[in-house]
Every structure is written in structure tokens, then in C-alpha cells.
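Colleague: I'm new to this one. Can you walk me through it?

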Amino acid sequence: CHPSLLLAEAKAHGLDLPALSLLVEDRPAVFEQVKAATGCNDKQAKLLAIIKMYGGGLTTWRETFEPHIPEFDSSALPWFASFSRELKEVTAILKEKNATIWQKTRDQVNRQNKRNNTTKDPGATLLANYAQCIERRVIDCVFSQLTEDIREHTVYCYDGMMFPKRFKITP
């Protein structure tokens, strides 16, 4: 859901993000391109965008699976290059518009990297936190529209809701 939420937010601010749009509006076309360029399967293709959104790259993605996806010519995957540029663009805007949050996020991630001997990307953390905030606003809106009898039997957590099977939820 994060790609869809980010695209809606980008459109609301006048950003044109064709690779993200393609991912949201025609996922099968993106996955077919990834599979054709890399030889991966459907499940693996679906994870590429998510891994990239949260700070990974092609190497991280290839090494996520056993057996690893073999190396390939990344120029055979133009969608991924465009998607990566768009994520950098969005992250740069978030850094600029949210300087205090960016500084705190960067410092926290850098401390964690030093303590844990990791190389997590602070920009990816900022983007993930932003997407989670949008997600939370959507969930809050949906929850507020539920009737009282349904709300009292609903488990509401940070990133979703659980409803008892006996309730028939209709839009």
C-alpha cells in the first residue's frame, strides 16, 4: 500500500513520478519487466520495489533469496533505474521540507549503524516513516467511519485493524 499512498501524495503536490505510477497502475507490467530482465519468479519480482523503497538495492534484493538471483545487466531493467531516481527525488524533498525530522532521523540511524555495524540508509528510513504516517492517517479515517458497535469489537493497531469474522463489513 505504501507505493499507492506515496503516489497519491506526490500527485497532490504536483510531482510526476512515471515509474512509481507504473508500479501502482500496472504492477503486472513492472513484474514482467523485472522477471524478463532477471529470470526471477513472481514472488521475487514483487519484492524488488519494496526492498528498494526501504533502502535496499539490486544486490540486497538478489541476495535475499536462496538460491541467489544471478547477477544481470542492470541496464536491462530501465524501470528500476527510473524508480530509484524518483525515490531519491521524493526523499530529497522530504529532507528539505522536514529538516528537523530529517536531522533527528539521520542522527538516530547513524548511531544505530555505528552501534550495530550496519549500513542502513537514513533517507530510506525517512521515506518509510513518511509513508507510515500517511498510512496511519488513512487508517484513522477508516476507523472513525465505523459504527460504534463495530468499533468496540475491532482491534485497532498502528498499521491496521482486525475485525471479528461474525461482522459483515461493507463499503
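Modeller: Helices here are DSSP runs (H or I, at least four residues), numbered from the N terminus. Axes are lines fitted to C-alpha atoms over the stretch in contact, and angles run from 0 to 180 degrees between N-to-C directions. It's a predicted model, so local features need pLDDT of at least 70, side-chain atom pairs count only at pLDDT 80 or more, and totals for chains, interfaces and linings use all residues. Residues are numbered from 1 along each chain as its sequence is written, and side-chain values use heavy atoms, leaving out hydrogens and water.

Colleague: Okay, at what angle do H2 and H6 pack?

Modeller: About 115°, with the axes of H2 (residues 18-25) and H6 (residues 78-97) 7 Å apart. That makes H2 roughly perpendicular to H6 (65 to 115 degrees counts as that).

Colleague: Which residues of H6 make the contact?

Modeller: Trp79, Ser82, Phe83 and Glu86, meeting Pro18, Ala19, Leu20, Leu22 and Leu23 of H2. Contact means heavy atoms within 4.5 Å.

Colleague: New topic: is Thr38 buried or exposed?

Modeller: Thr38 is buried, at 9% relative accessibility. Buried means under 20% relative accessible area, exposed over 50%, partly exposed in between (1.4 Å probe, protein chains only).

Colleague: And what does Thr38 touch?

Modeller: Leaving aside residues up to four places away in sequence, Trp61, Ile69, Phe72 and Leu77. Thr38 itself sits in helix H3 (residues 27-38).

Colleague: Where's the cis peptide bond?

Modeller: Between Glu66 and Pro67, with omega about -5°. Pro67 is in the loop between H5 (58-63) and H6.

Conventions. Helix = DSSP H or I, 4+ residues; strand = E, 2+ residues; numbered from the N terminus. Parallel < 35°, antiparallel > 145°, perpendicular 65-115°, else oblique.
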